[in-house]
Amino acid sequence: MNQREKNISHTIDVHTPSVARMYDWLLGGIENYASDREACQELLEIAPSTQVLARNNRAFLQRVVRVLVEDYGIRQFLDHGSGLPTQDNVHQIAQRSDPGCRVVYVDNDPIVLAHGRTTLEENDRTAILNEDMRNTAAIFDSEPVRRLIDPNEPMAALFVSVLHCLRDTDDEMDPAAVIRRVAERLPAGSYMVICQLVSDDPAVRDGVTHLMEVATGGTWGRVREQREVRAYFEDMRVLEPGLVDVLDWRPDTPVLPPEQRAVDWVEWGGVAQL
């Protein structure tokens, strides 16, 4: 354990992998620990293109925020399961197009909150909320959301690469139920951005799900199939180009080199208007 890890190990469990910290490592970040790196190496043995997938997903988030601001006039965002701050976070992309954009980030990972309060809350139009993304009522009734989000103005609710972290349950805490509850709280004309890990290969689905279940101590959901993600968009108007590998969602360049495409599994989803 290096000195940085020793300094905060008394407040953050550095021995159990964190999905946020694993994602940080996959993106080339430094806010991760030995347990996260070891879990990532095991993950890469099952799905070798995982780092490509992580980069594609981050690029999708950046594109979709820019498009929603510039082409659809959205000025407020609620980012569920925001993860560790990195370059070009949601508020930076949105406020680059319009400084008046407001963003509330939602996460309950201690290290995300620690870094988020110094990196994400950099002006009076951004806030980070310590809350489980499944607790819809608590999120919408929170002080940051009431302060920054106008309930009469369309907004965008982001669920980017987080729903695979939720387990299938029968107590209204599964991904589909969360999406339904959030949709009910959104103003007319709002947008939902949803993508999650999917694979056509049962070995990849089962292998990754088992690995992450064990590594995170049971705080993970599962890799799903496209048909399951498609059901999240029921009764919504999906924007072009539809539900796709996020690499193919309005790419910045018309021709994408083969090395940019993940082959083992993909982030799959899109954007819809309510």
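Residues are numbered from 1 along each chain as its sequence is written, and side-chain values use heavy atoms, with hydrogens and water left out. Because the model is predicted, local features need pLDDT of at least 70 and side-chain atom pairs count only at pLDDT 80 or more, while totals for chains, interfaces and linings use all residues.

Helices (H or I, at least four residues) and strands (E, at least two) are DSSP runs, numbered from the N terminus. Strand β8 covers residues 266–273, and eight of its eight residues are buried, where buried means under 20% relative accessible area with a 1.4 Å probe and protein chains only. In a regular strand the side chains alternate between the two faces of the sheet. In β8, Val266, Trp268, Gly270 and Ala272 point one way, and Glu267, Gly269, Val271 and Gln273 point the other way.

Strands are said to pair if DSSP finds at least two bridges between them. β8 pairs with β5 in the antiparallel sense over eight bridges, and Gln196 stands opposite Trp268 of β8. Strand β6 (residues 237–238) is antiparallel to β8 and joined to it by two bridges; here Val238 stands opposite Ala272. Strand β7 (residues 244–245) also pairs with β8 in the antiparallel sense, over two bridges, with Val244 opposite Gly269.

Strand β3 (residues 126–130) has four of its five residues buried. β3 and β2 pair in the parallel sense over five bridges, and Ile128 in β3 is the bridge partner of Tyr105. Together with helix α6 (residues 110–119), β2 and β3 make a right-handed β-α-β unit; right-handed means that, with the strands pointing away from the viewer, the path from the first strand over the helix to the second runs clockwise.

Helix α9 (residues 175–185) has Pro175, Ala177, Val178, Ile179 and Val182 buried. These buried residues pack against β1 (76–80), α7 (136–140), β4 (156–160), β5 (191–198) and α11 (226–232), a contact being heavy atoms within 4.5 Å.

On a 1 Å grid over the protein atoms alone, a cavity is a set of points where a 1.4 Å probe fits but cannot get out, and a pocket is an open set with protein on both sides within 12 Å along at least five of seven lines; lining residues have an atom within 4 Å of a point. Grid points are joined across faces, edges and corners, and a volume is the space filled by probe spheres set on the points.

The largest pocket holds about 1,100 Å³ of space. Its lining has 48 residues, and Ser18, Val19, Ala20, Asp109 and Cys165 lie nearest its centre. Two or more lining residues come from each of α2, α4 (50–72), β1, β2 (102–107) and α10 (202–215). The second largest pocket holds about 210 Å³, and α9 gives the largest share of its lining, five residues.

Three cavities of 30 Å³ or more are found in the whole structure. The largest has about 60 Å³ of space, and its lining includes Arg58, Asp79 and Tyr105.

Key. Buried means under 20% relative accessible area, exposed over 50%, partly exposed in between (1.4 Å probe, protein chains only).
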